[in-house]
Amino acid sequence: MLRAPRKSRTLIRIQVEFQGISEDASIKGKGYTLDLNINGCRIESATSVPRGSYVRLRLAIPKAPHPVLIGMARVRWVQAGSFGVEFIQRSAEDLPYISQATSESNRHVAAQALQPKPGKAPCTVLVVEDDPDVLHLCARTLEDVGCKVLKASGSSEALQVCTTHGGTIHLLLVDLVLRRPVLQLMSGHEQYPRVHGCDLIEHILRIRKKCHLVFMSRHDEAALSTLSIEVGGALCLQKPFSREDLLMAINQAMAGPPMVSKVLHSGTVKRAVNAR
């Protein structure tokens, strides 16, 4: 399985002091970080810093007991008013504080991205999950960030919702392996068939034409293959997952193009942000 690219858009600005030496002169200045992660960051500053130079950083990360020091960072690119650095020397003791700051920022960004814009309807998500506890977790998390949630416990219910719901369904959050109900009345022809998640999407796309998509599953790619389930190029969120994992996966899916029928069965499974 492929790990889907994680796009960091850290909005929390962290004060940073930097100093170093270039070929021409010494470097010393202050600024604010953007896109902070454990490997580097972008720094907004009025101080001119040459590309390829090396600097030491002092980060004032909130909740850290002391300033986080980056012993050496290389300036990889320079733009007007900002530059990007790659961390070369950093303390293992400080990594948890950097990770925490990145995690909180990404969670904030994901929630903000899903909130309705002024004058526009909220993002509508159809959650298809046969486990009531997971269904409740997903619905509650999405409702907390302003999404409108439609719920279905199986493929038949999901298809009925897609047929009868009058508004737009922006995103599908679908369990890949959907259990059949213990008691099921059989008829000669079912209007809404019982199918697994990947086949369900094909049925939905015939009704809705296009939707953003995130799959959920407890199974890895090998186990899904034994069940004859092929996901294609869709994003798959590995269970169990946290509220943050869910928001980041949905934000990641919404940032890309929606799924259409001809796209779903091409390519390979992408692992979501909590891929193990």
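**Exercise 1. The whole chain**

How much accessible surface does the chain have, and what share of it belongs to carbon and sulfur atoms?

Solution. The accessible surface comes to about 14,600 Å². Carbon and sulfur atoms account for 52% of that surface. Such areas come from the Shrake-Rupley method with a 1.4 Å probe, and for residues only the protein chains shown count as cover.

Now the ground rules. This is a predicted model, in which local features need pLDDT of at least 70 and side-chain atom pairs count only at pLDDT 80 or more, while totals for chains, interfaces and linings use all residues. Residues are numbered from 1 along each chain as its sequence is written, and side-chain values use heavy atoms, with hydrogens and water left out.

**Exercise 2. Elements, burial and contacts**

State how many helices and strands the chain has, and what percentage of its residues count as buried.

Step 1. The chain has 7 helices and 13 strands. Both are DSSP runs, numbered from the N terminus: helices are H or I with at least four residues, strands are E with at least two.

Step 2. The chain has 276 residues, and 47% of them count as buried. Buried means under 20% relative accessible area, exposed means over 50%, and partly exposed lies in between (1.4 Å probe, protein chains only).

Step 3. Turn to contacts, meaning heavy atoms within 4.5 Å. Take the contacts between residues at least 6 apart in sequence: 67% of these join residues at least 24 apart.

**Exercise 3. Two packed helices**

Describe how α2 and α6 pack.

Step 1. Locate them. Helix α2 covers residues 132-144, and helix α6 covers residues 243-255.

Step 2. Read the geometry. The angle is about 65°, and the axes are 10 Å apart. Axes are lines fitted to C-alpha atoms, for helices over the stretch in contact, and angles run from 0 to 180 degrees between N-to-C directions.

Step 3. Classify the angle. α2 and α6 are therefore roughly perpendicular to each other. The classes are: under 35 degrees roughly parallel, over 145 roughly antiparallel, 65 to 115 roughly perpendicular, and the rest oblique.

Step 4. The crossing of α2 and α6 is right-handed. Right-handed means the near helix is turned clockwise from the far one by less than a right angle; left-handed means anticlockwise.

Step 5. List the residues. α2 contributes L137, C138, R140, T141, L142 and D144. α6 contributes R243, L246, L247 and I250.

Step 6. Sort them by class. The contact has 6 nonpolar, 1 polar and 3 charged residues. Ala, Val, Leu, Ile, Met, Phe, Trp, Tyr, Cys and Pro count as nonpolar; Asp, Glu, Lys and Arg as charged; the others, Gly among them, as polar.

**Exercise 4. Backbone details**

Which residues does the cis peptide bond join? Where do K63 and K209 lie?

Step 1. The cis peptide bond joins K239 and P240, with omega about -5°. P240 lies in the loop between β12 (235-238) and α6.

Step 2. K63 is not a glycine, yet its phi is positive, about 75°. K63 sits in the loop between β5 (54-59) and β6 (68-79). K63 is exposed at 64% relative accessible area.

Step 3. K209 is not a glycine either, and its phi is positive at about 75°. K209 is in the loop between α4 (197-208) and β11 (212-217). K209 counts as exposed, at 59% relative accessibility.
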